[in-house]
Amino acid sequence: MSVILRMLFALALCLGLATPAAAGDGKAIVLTVEGNIEGERQTFTLAELEALGSAKITTTTPWHDGAVAFEGVAVARLLQHVKAQGGTTEVTALNAYFVDIPTEDLIRNGAVLALKRDGNYMSVTDKGPLFLIYPFDSNPELRTEVHYSRSVWQVSSIAVR
């Protein structure tokens with residue numbers, strides 16, 4: 001999905017013209033993975049991401065009041081599925097914010113690409129439809145500005161380098 005189409009989809013979500021649940025109907029692509037992977041590019045709907053298996057994190061964050069339960073796919077599982085080969089993973093949001101993260105950091109620290117918060121799909125206005133999150137409470141070493149900056153919300157693409 002092109003950047004323009006992703007931005008239009010995000011706008012539709014904000015205006016209530018589309019819903020995250022509708023994105024999971026098998027038609028709307030919410031994530032593109034490219035770079036050093038099997039094939040040039042792989043795309044995913046919410047349903048396809050959920051089919052990769054469920055990972056859950058309950059943690060406090062700087063952006064929410066109290067502990068929040070996140071559910072999605074483990075980043076390690078996603079990278080394994082696309083046969084990623086690279087030391088750096090660039091994660092980009094709908095608003096073009098991006099951060100380069102050492103791939104090993106994502107795997108070692110159990111990062112999750114969350115689709116749901118407290119059991120509900122996340123809208124763009126609620127940091128969705130995808131939010132890269134770390135288990136901050138289970139590892140105090142993750143409670144740093146570096147890891148907070150790596151927790152990208154409104155994730156639209158991942159590039160493995």
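Here is a short tour of this protein chain, from its overall make-up to a few individual residues.

The model is predicted, so to speak of a local feature we need pLDDT of at least 70, side-chain atom pairs count only at pLDDT 80 or more, and totals for chains, interfaces and linings use all residues. Residues are numbered from 1 along each chain as its sequence is written, and side-chain values use heavy atoms, with hydrogens and water left out.

**The whole chain**
- The chain has 6 helices and 10 strands; these are DSSP runs numbered from the N terminus, with helices being H or I of at least four residues and strands being E of at least two.
- Of the 161 residues, 48% are buried, where buried means under 20% relative accessible area, exposed means over 50%, and partly exposed is in between (1.4 Å probe, protein chains only).
- Take the contacts (heavy atoms within 4.5 Å) with a separation of 6 or more: residues 24 or more positions apart account for 59% of them.

**Strands and sheets**
- Strands of a sheet pair through backbone hydrogen bonds, either parallel or antiparallel.
- Here, an open sheet of 5 strands runs in the order β2-β1-β10-β5-β6, with mixed pairing; two strands count as paired if DSSP finds at least two bridges between them.
- At the edges of this sheet sit β2 (41-44) and β6 (98-102), each pairing on one side only.
- From one strand to the next, the twist averages 20°, using axes that are lines fitted to C-alpha atoms (for helices, over the stretch in contact) and angles from 0 to 180 degrees between N-to-C directions.
- Strand β1 (residues 31-35) pairs with β10 in the parallel sense over 4 bridges, and Gly 35 stands opposite Val 160 in β10.
- Elsewhere, β3 and β4 run antiparallel and are joined by 5 bridges; Ala 55 has Gly 72 in β4 as its bridge partner.
- In a regular strand the side chains alternate between the two faces of the sheet.
- Look at β3 (residues 55-59): Ala 55, Ile 57 and Thr 59 make up its covered face, while Lys 56 and Thr 58 are on the uncovered one.

**Aromatic rings**
- There are 8 aromatic pairs in the structure; rings of Phe, Tyr and Trp (its six-membered ring) pair if their centres lie within 6.5 Å, and planes under 30 degrees apart count as stacked, over 60 as edge-to-face and the rest as tilted.
- Phe 70 and Phe 131 are an edge-to-face pair, 5.6 Å centre to centre with 85° between the planes.
- That pair links distant parts of the chain, with Phe 70 in β4 and Phe 131 in β9, 61 residues apart.
- Phe 131 also pairs with Trp 153: the centres are 5.9 Å apart and the planes at 85°, so this pair is edge-to-face.
- Phe 131 is buried at 0% relative accessible area, whereas Trp 153 is partly exposed at 30%.
- One aromatic cluster includes Phe 70, Phe 131 and Trp 153.
- Lys 127 lies over the face of Trp 153, 4.4 Å from the ring centre; for this, NZ of Lys or CZ of Arg must be within 6 Å of the ring centre and within 35 degrees of the ring normal.

**Asp 105**
- Asp 105 lies in helix α5 (residues 103-108) and is buried, with a relative accessible area of 4%.
- Beyond its neighbours within four places in sequence, Asp 105 is in contact with Tyr 134, His 147 and Arg 150.
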